[in-house]
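Please look at the sequence and the model first.

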Amino acid sequence: MPIVLFILLAILLANIGFWNTLGAMLGAVGVMILFSLILLATIAVAGLMALKRLASR
């Protein structure tokens, strides 16, 4: 599997160029980080709502 990622990275570098590829990879990492933060915040809010509902009973 890592060899496939390396080949894809080499193809990106050959077709697009180093700086555009670096920007695309950093953008993809940023999107994954933001998605994770939003997912964690959603889970935290759902947990707080569940705790409030259980505490009120």
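The model is predicted, so local features need pLDDT of at least 70 and side-chain atom pairs count only at pLDDT 80 or more, while totals for chains, interfaces and linings use all residues. Residues are numbered from 1 along each chain as its sequence is written, and side-chain values use heavy atoms, with hydrogens and water left out.

**Helices and their packing**

Helices here are DSSP runs of H or I with at least four residues, numbered from the N terminus. Helix H1 covers residues 2-15, and helix H2 covers residues 18-55. The expected span of a helix is 1.5 Å times one less than its number of residues. For the 14 residues of H1 this gives 20 Å, and the end C-alpha atoms are 20 Å apart, so the two values agree. After H1 comes Gly 17, which has a positive phi near 115 degrees.

H1 passes H2 in a right-handed crossing, a term used if the near helix is turned clockwise from the far one by less than a right angle, with anticlockwise being left-handed.

Where the helices meet, Leu 9, Leu 12 and Leu 13 of H1 face Phe 18, Thr 21 and Met 25 of H2 in contact, meaning heavy atoms within 4.5 Å.

**Thr 21**

Thr 21 belongs to H2. Is Thr 21 buried or exposed? With a relative accessible area of 2%, Thr 21 is buried; buried means under 20%, exposed over 50% and partly exposed in between, using a 1.4 Å probe and protein chains only. Apart from neighbours within four places in sequence, Thr 21 touches Leu 9, Leu 12, Leu 13 and Ile 16.

**The aromatic pair**

There is one aromatic pair in the structure. Phe 18 and Trp 19 have ring centres 4.8 Å apart and planes at 75 degrees, so the pair is edge-to-face. Rings of Phe, Tyr and Trp (its six-membered ring) pair if their centres lie within 6.5 Å; planes under 30 degrees apart count as stacked, over 60 as edge-to-face and the rest as tilted. Phe 18 is partly exposed at 46% relative accessible area, whereas Trp 19 is exposed at 65%.

**Distances between residues**

The table lists C-alpha separations together with the spacing along the chain.

| Residues | Apart in sequence | C-alpha separation |
|---|---|---|
| Ile 11 and Thr 21 | ten residues | 10.0 Å |
| Ala 24 and Leu 12 | twelve residues | 9.7 Å |
| Leu 54 and Ile 43 | eleven residues | 16 Å |
| Gly 27 and Ala 46 | 19 residues | 28 Å |

Ile 11 sits in H1 and is partly exposed, at 44% relative accessible area. Ala 24 is a residue of H2 and is partly exposed at 48%. Gly 27 is also in H2, where Gly 27 is partly exposed at 35%.

Technical notes:
Helix = DSSP H or I, 4+ residues; strand = E, 2+ residues; numbered from the N terminus.
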